[in-house]
Amino acid sequence: MFTNDSSSGLQQTTSYKVVLPFYIFAALSFIISCTLLLLNTDIIHQHYFHPQTLAITHLMALGWGTMIILGASHQLLPVLIEGKLDSYLLALLSFVFAATGIPLLVTGFYLFNTGLILQTGAVLINASVICYFLNVIASISESKKHNVHAFFIAAASLWLFATTFFGLLLVFNFSRSWLPENSIEYLSVHAHMGLVGWFLLLIIGVGSRLIPMFLISKYSNPKILWWIFALINIALFGFIILKTSNAFEKLYYSPFLLVLFALALFANYCYRAYKERIRKHVDEQMKISLLSVAMLILPLLSLMAVIYFIRENSGSKLVLLYGYCIFFGWITAIIMGMTFKTLPFIVWTKVYHSRVLGKTPAPKELFSENLFKIMALFYLTGFILFLAGILLLNDLLLKSGAALLLASAIVYVINVAKTVFHQAKV
Amino acid sequence: MAVLSNNDLFCSAALAGLYDVFDPEIGLNVVDLGLIYRIDFNEETKKIIVTMTLTTQFCPMGESITADVQQSVSDAFKDYQVSIDLVFNPAWSPEQISPEGQEFLDR
């Protein structure tokens, strides 16, 4: 009746030593990004191709979003692919290359030094991504089951490599014209490979597994997830073809509509998981993670406006609004929520895994719930104020919004430190 | 889901202790959560085998939960050697939560 087949037995989870450095680097990147945003609120009045805007965008995309996702995915890969992480060495190398490459790249952009600093940073980031990609592919190959989540993570890591490799070409294109056109002409392709191919695919792939798991929900629908997977990839390929063939602007609505449909399916998936949950109480971390799904409507509205006003002067402001809603809205909200769902598990395993029948605290007791609520309040207020500042071009709103976002980053870092430095209590 | 056993009396004694072993994330004990499938006692060899599962095979707390189960049963039967048979077939599903466990999760 109860069988101990070849796939049973306890699978070792990824060591905390592999994962924690990514979380710590990401937390520091977030606080630096918010500080830079506060110091440079005037960039909102400039074109988006501006040194400080590029620096903040890349620090948010790579230092904050990508680093924490890389860390979390090393931890969650066994859960997603139902196998084990292939190489700790590749994971460590991935961290070392990224942790040295990202500061160089961001400094290069900030100072607009398009020479050695920027180029070395870009090369190191590519080395990091190659290590990660090889590790993901090797882990999936060795896994006995290949579920839809594994395809999401494999495709996302391939798109990440495409993004950073294209980014590398753009960096070298600043000093030697390797590409037919100026680097600025390719920015939207580079950005969307990263935003849609990497962030969106990975967050949906991981979220569709974790959201039902943390809600203890009975809901699962791999068929819908396959549809979402196909729609997003087709939309992204379609966008790249349209962009590189200089197609008529309004045609950009077609990949946009495909992504919109995919997101509607994902939102419905999350809603069904929520409705069919076994545990009625939903904690604050899950609430902010679910809110991030709803927050996707903001960048979508901005993007719709960008396409509509593509030839108008207001286009640049809308692009900034779009980028802001993605990095400081959707990505930040989901990371804030998921950090305090995943990090306590990692630290708990480190501190308590060898203890037997002691009065061990629950993982949620490793961080402060009150600090989380304060952080969420600062974050949501700051996000809305800064958003209003962009729309109204009002410096007071921009400064106060950025100050609140920085305050939320400080509280976030304090809470992360409280979790990471947790000592055993018995 | 009822826990199967070849000795109901001994099984009740083992379960009494296991009601104090919790899944740290869910906050529910392993018995009401439906993780314990079977407890077999061999009075001749003084061996106990606890057949159990986890909510997921890749549960980061799996090692800790199984160690706690082993320790709890060992504490109740000091002369016995306790081993854990961790199985994932049948896999755990929310339907295995007891009515008492469901009541706790409804709060």
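A crossing of two helices is left-handed if the near helix is turned anticlockwise from the far one by less than a right angle. The exercises below use a predicted model.

**Exercise 1.** Describe how H2(A) and H4(A) pack: how do their axes run, and which residues make the contact?

*Solution.* 
1. Locate the helices. H2 covers residues 51-81 of chain A. H4 covers residues 116-142.
2. Take the distance and angle. The two axes come within 11 Å and cross at roughly 15°.
3. Classify the angle. Angles under 35 degrees count as roughly parallel, so H2(A) and H4(A) are roughly parallel to each other.
4. Assign the hand. The crossing of H2(A) and H4(A) is left-handed.
5. List the contact. H2(A) supplies A:Leu62, A:Leu70, A:Leu77 and A:Ile81. H4(A) supplies A:Ile125, A:Tyr132, A:Val136, A:Ser139 and A:Ile140.
6. Sort by class. The contact has eight nonpolar residues, one polar and no charged ones.

**Exercise 2.** Check H1(A): what is its span, and how many of its residues are buried?

*Solution.* 
1. Find the span. H1 runs over residues 16-39 of chain A and reaches 35 Å from its first C-alpha to its last.
2. Compare. That is close to the 34 Å expected at 1.5 Å a residue.
3. Check burial. In H1(A), 17 of the 24 residues are buried, and the helix is mostly covered.

Technical notes:
Residues are numbered from 1 along each chain as its sequence is written. Chains are lettered from A and ligands numbered from 1 in the order in which they are written. This is a predicted model: local features need pLDDT of at least 70, side-chain atom pairs count only at pLDDT 80 or more; totals for chains, interfaces and linings use all residues. Helices (H or I, at least four residues) and strands (E, at least two) are DSSP runs, numbered from the N terminus. Axes are lines fitted to C-alpha atoms, for helices over the stretch in contact, and angles run from 0 to 180 degrees between N-to-C directions. Angles under 35 degrees count as roughly parallel, over 145 as roughly antiparallel, 65 to 115 as roughly perpendicular and the rest as oblique. Two residues are in contact if their C-beta atoms, placed from the backbone, lie within 7 Å. Ala, Val, Leu, Ile, Met, Phe, Trp, Tyr, Cys and Pro count as nonpolar, Asp, Glu, Lys and Arg as charged, and the others, Gly among them, as polar. The expected span of a helix is 1.5 Å times one less than its number of residues. A residue is buried if 20 or more other C-beta atoms lie within 10 Å of its own, exposed if 12 or fewer, and partly exposed in between; C-beta atoms are placed from the backbone.
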